[in-house]
Amino acid sequence: MKLSKGWIIAIVIVLFIILLISWGSRIYNNLVKKDEAVNQQWANVENVYQRRSDLIPNLVATVKGVANFEQSTLTAVIEARAKATSVSINPKNLDEASLQKFQEAQNGLSSALARLMVVVEKYPELKATQNFMELQAQLEGTENRITVERRTFNESAQAYNTYMRGFPANIFAGLYGFQKKAYFEAEAGAEKAPKVEF
């Protein structure tokens, strides 16, 4: 049986449409996969920040129990924790403004904790307690985890952003509303080495 010229053209057009749909769905699915990788990594970042936040009440209680401590320092830590836990971000809206607001709240908590640790140096009996030493080690480990997770988040966001901006994925990203993801950035002034004086 011989196919007519019209049937051959129709078959070629149908095959072309099938290939086009297959190609487009592969690009779309890659966008979704990379977007979900960023969202999953954001959940890891929030998890380690939550771990730090969960350690703070125990740390404050230990400090209160051992030393006649400066109440203003403890109050600053408690308030910074409350502010940091009140700021949350929808992973679907990881834009620069929301990430900066989150980062500012977390930086406030980091600063309050740093002041707490400086003041703790004045209390050798506190530094000698096992509970405080364990909490301090857990907090230091958590800060390291935060650094690792933030770096991994930035890598995921970079892979997503690069793919999304490339051709032809940028066409599909625009059609389906995929947005650029923001990055964690260093604090202002972090490029300057701290001045140490003795």
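Buried means under 20% relative accessible area, exposed over 50%, and partly exposed in between, with a 1.4 Å probe and protein chains only. The model is predicted: local features need pLDDT of at least 70, side-chain atom pairs count only at pLDDT 80 or more, and totals for chains, interfaces and linings use all residues. Residues are numbered from 1 along each chain as its sequence is written, and side-chain values use heavy atoms, with hydrogens and water left out.

**Exercise 1.** Find where Glu79 lies and decide whether Glu79 is buried or exposed.

*Solution.* Step 1: Glu79 belongs to helix H2, residues 71-86; helices are DSSP runs of H or I with at least four residues, numbered from the N terminus. Step 2: Glu79 counts as exposed because its relative accessibility is 53%.

**Exercise 2.** Describe how H2 and H3 are oriented to each other.

*Solution.* Step 1: two packed helices are described by the angle between their axes and the distance between the axes. Step 2: the axes of H2 and H3 cross at roughly 160° and come within 8 Å; axes are lines fitted to C-alpha atoms, for helices over the stretch in contact, and angles run from 0 to 180 degrees between N-to-C directions. Step 3: H2 and H3 are therefore roughly antiparallel, the term for angles over 145 degrees. Step 4: by class, the contact of H2 with H3 has 11 nonpolar, 3 polar and 3 charged residues. Contact means heavy atoms within 4.5 Å; Ala, Val, Leu, Ile, Met, Phe, Trp, Tyr, Cys and Pro count as nonpolar, Asp, Glu, Lys and Arg as charged, and the others, Gly among them, as polar.

**Exercise 3.** Describe the aromatic pair of Tyr49 and Phe102.

*Solution.* Step 1: the structure holds 8 aromatic pairs; rings of Phe, Tyr and Trp (its six-membered ring) pair if their centres lie within 6.5 Å, and planes under 30 degrees apart count as stacked, over 60 as edge-to-face and the rest as tilted. Step 2: Tyr49 and Phe102 are edge-to-face, with 5.3 Å centre to centre and 80° between the planes. Step 3: Tyr49 lies in helix H1 and Phe102 in helix H3, so the pair ties together parts 53 residues apart in sequence. Step 4: Tyr49 and Phe102 are both buried.

Technical notes
Helices (H or I, at least four residues) and strands (E, at least two) are DSSP runs, numbered from the N terminus. Angles under 35 degrees count as roughly parallel, over 145 as roughly antiparallel, 65 to 115 as roughly perpendicular and the rest as oblique.
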